[in-house]
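Please consult the sequence and structure below before reading the notes.

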Amino acid sequence: MIHRLEQSIGWAREFLTVPPWGRTARRTPKRLCNLYRNRWEHWRGHTSLRSYPIKLIVEPTNVCNLQCPYCFTGDGQTGRERSTMSLALYQKMLDELGDYLFEVEAFNWGEPLLSRHIYTMVADAAARGIATTVNTNFSLPFDAEKAERLVRSGLSALRVSIDGARQETYEKYRVGGKLSTVLANCGLVIAAKRQLGLETPQLIWEYHVFPHNVGDVEDARAIAVRLGMEFLPFKGQVPGEEWGMGDGWHFCHEPRPMPCVSLWAIAVVHNDGGVAPCNGTFYREDDLGRLAIRPGELGAASFREVWNGPRFQAGRRFFSSRRGSAEEREIVCFNCPNTRSYEEWMKHRIRGGAPESFRIRYGTNEIWNYFWNRRPASARTPLRAGARRA
């Protein structure tokens, strides 16, 4: 009885707590109301939603300056035309979703600081009281003027991917990158914050740990402390079998047996207006809908039209019954390890199995591999780890 009471209190606390990535957002009644409605609809497994997403992931551009081998873009894949998201499309989304969002994350399959609109995109969201995050490799031309403009934009967090403490280690994954440039650029932002007397953006050093750079972790941590950056190391995902199982390193996210949060709470919109089920997908063929940028263009007139469209509803429905027409079974969500894990979890509970005795068969690396190997016919030759296309 006591255990059930503690469990109920834990669920209630989780239900009411504002998501960690949205703590700096302005907490308005409309935003909070939508948050709790969204969680209720997620918990109840609704397929058609009255709530809007609470987080928006946008792709300012799908162009990148590096060739990271375990990234679709770095691997040379083309999921859609290379371009920059238009401000018209972005502002259209903010007009519809802005009152409900806790965070806008500007990053997906490209380098966001290559977009000429990035400062305006951040400033427009910040002006609406939305927390903003930019993920960057930061190995690009930058100067004090740009640093001041970025700080003045109201950016909440700048996450910088730096996977090594020495150039020879760093460049094994960040192919084409220059570590000294990245560190100098971080210093420019820190100096701009100090000059303007601002505490944001929070600078976070993200360190993807692989077998080749695990020995640099502590040196990188020391550099981050010296710069005044938060240091966040987590295990890197690789094609094939997970490396170093049981060695103490953990992924940034561990799977839980629950309906996919992205399908209910996180909107992912590509540079061309394609709306994806999550940020694991890359190819246009796996979009669940498309937003028209201007009246008369191909695509939905509003985000809600896509959000409650037949493909999104099918993706959510798979968590109550993994069945559907032949066309629906082609949707990326149907065979996603998250969907399959939840189906196994429900069978386990129906058989009377205790929650603590359930073991998820699909780890983070297996989930990543599902997306990595799911490619249209034109790009369906998986590469071995570390291989490159010409």
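The notes below are grouped by topic.

The model is predicted: local features need pLDDT of at least 70 and side-chain atom pairs count only at pLDDT 80 or more, whereas totals for chains, interfaces and linings use all residues. Residues are numbered from 1 along each chain as its sequence is written, and side-chain values use heavy atoms, with hydrogens and water left out.

**Helix α2**

- Helices (H or I, at least four residues) and strands (E, at least two) are DSSP runs, numbered from the N terminus.
- R31, N34, L35, N38, R39, E41 and H42 of α2 are buried, where buried means under 20% relative accessible area, exposed over 50% and partly exposed in between (1.4 Å probe, protein chains only).
- Viewed down the axis of α2, the buried residues fall within an arc of 165°, so they line one face of the helix; the arc is that of the directions from the helix axis to the C-beta atoms.
- P29, C33, W43 and R44 are exposed on the other side of α2.
- G45 follows α2 and has a positive phi, near 75°.

**Aromatic pairs**

- Rings of Phe, Tyr and Trp (its six-membered ring) pair if their centres lie within 6.5 Å; planes under 30 degrees apart count as stacked, over 60 as edge-to-face and the rest as tilted.
- The count by this rule is 23 aromatic pairs.
- Y70 and W368 form an edge-to-face pair, because their ring centres are 6.5 Å apart and their planes stand at 70°.
- Y70 lies in the loop between β1 (55–58) and α3 (87–97) and W368 in helix α13 (residues 364–373), so this pair ties together parts that are 298 residues apart in sequence.
- Y70 counts as buried at 18% relative accessibility, and W368 is buried at 15%.
- W264 and F319 also make an edge-to-face pair, with centres 6.0 Å apart and planes at 65°.
- This pair links distant parts of the chain, 55 residues apart: W264 is in helix α9 (residues 261–265) and F319 in the loop between α11 (310–317) and α12 (337–350).
- The relative accessible area of W264 is 0%, so W264 is buried; F319 is buried as well, at 8%.
- A cluster linked by ring pairs contains Y70, F72, W109, Y173, F210, F282, Y283, W368 and W372.

- K235 lies over the face of W243, 5.2 Å from the ring centre; a charge sits over a ring if NZ of Lys or CZ of Arg is within 6 Å of the ring centre and within 35 degrees of the ring normal.
- The charged end of R316 is placed over the ring of W307, at 4.7 Å from its centre.
- E242, in the loop between β6 (230–235) and α9, has a side chain joined to that of K235 by a polar contact of 2.7 Å.
- A polar contact is a pair of N or O atoms within 3.5 Å; within protein, one must be able to donate a hydrogen and the other to accept it, and residues adjacent in sequence count only if both atoms are side-chain atoms.

**E111**

- E111 is located in the loop between β2 (103–106) and α4 (118–127) and counts as buried at 2% relative accessibility.
- The side chain of E111 reaches two backbone nitrogens, that of L113 at 3.0 Å and that of N137 at 2.8 Å.
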